[in-house]
Amino acid sequence: MQITFKEKVFAIVRKIPKGKTMTYKQVAIKAGRAHAFRAVGNILNTNYDSKIPCHRVVRSDGKTGGWNRGMKKKAELLKKEQMM
């Protein structure tokens, strides 16, 4: 059985530890499709599983980027995790 790109993305993001982040591009590269960073964002936007910490994926320019639970909440979570 072949693992889908979506499954690869979720597996990679699931492993990002608290206090750390990855960019959408870094996730795309690790998943084997370097130019699919927008697809990574679209995939993560569909996630509501709290075991997959999508809020730890940020834009390459350092901005937080979007999150399906709100950008303000994403920024708060990232700040809280970096303090721990």
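The buried residues of H1 are covered by, among others, strand S1 (22-23), helix H2 (24-30), helix H3 (37-45) and strand S2 (57-58). Contact here means heavy atoms within 4.5 Å, and helices (H or I, at least four residues) and strands (E, at least two) are DSSP runs numbered from the N terminus.

A quick word on the source: this is a predicted model, where local features need pLDDT of at least 70 and side-chain atom pairs count only at pLDDT 80 or more, while totals for chains, interfaces and linings use all residues. Residues are numbered from 1 along each chain as its sequence is written, and side-chain values use heavy atoms, with hydrogens and water left out.

Back to H1, which spans residues 5-14: its buried residues are Phe5, Val9, Phe10, Ile12 and Val13. Buried means under 20% relative accessible area, exposed over 50%, and partly exposed in between (1.4 Å probe, protein chains only). These residues sit on the same side of H1, because they cover an arc of only 160° around the axis, judged by the directions from the helix axis to the C-beta atoms. As a rule, an α-helix has 3.6 residues a turn, so residues three or four places apart point the same way.

Zooming out, the protein has 4 helices and 2 strands, running α-β-α-α-β-α from the N terminus. Its C-alpha atoms fill a box of roughly 40 × 25 × 20 Å along the principal axes. Of its 84 residues, 36% are buried. Take the contacts between residues at least 6 apart in sequence: 50% of them join residues at least 24 apart.

Gly19 lies in the loop between H1 and S1, and Val58 lies in strand S2.

| Residue | Relative accessible area | C-alpha to C-alpha distance | Separation along the chain |
|---|---|---|---|
| Gly19 | 28%, partly exposed | 4.9 Å to Glu81 | 62 residues |
| Val58 | 9%, buried | 17 Å to Ala11 | 47 residues |

What does Gly19 touch, leaving aside its neighbours within four places in sequence? Its contacts are Glu81 and Gln82. With neighbours within four places again set aside, Val58 is in contact with Thr21, Met22, Thr23, Tyr24, Lys63, Thr64, Lys74 and Leu78.
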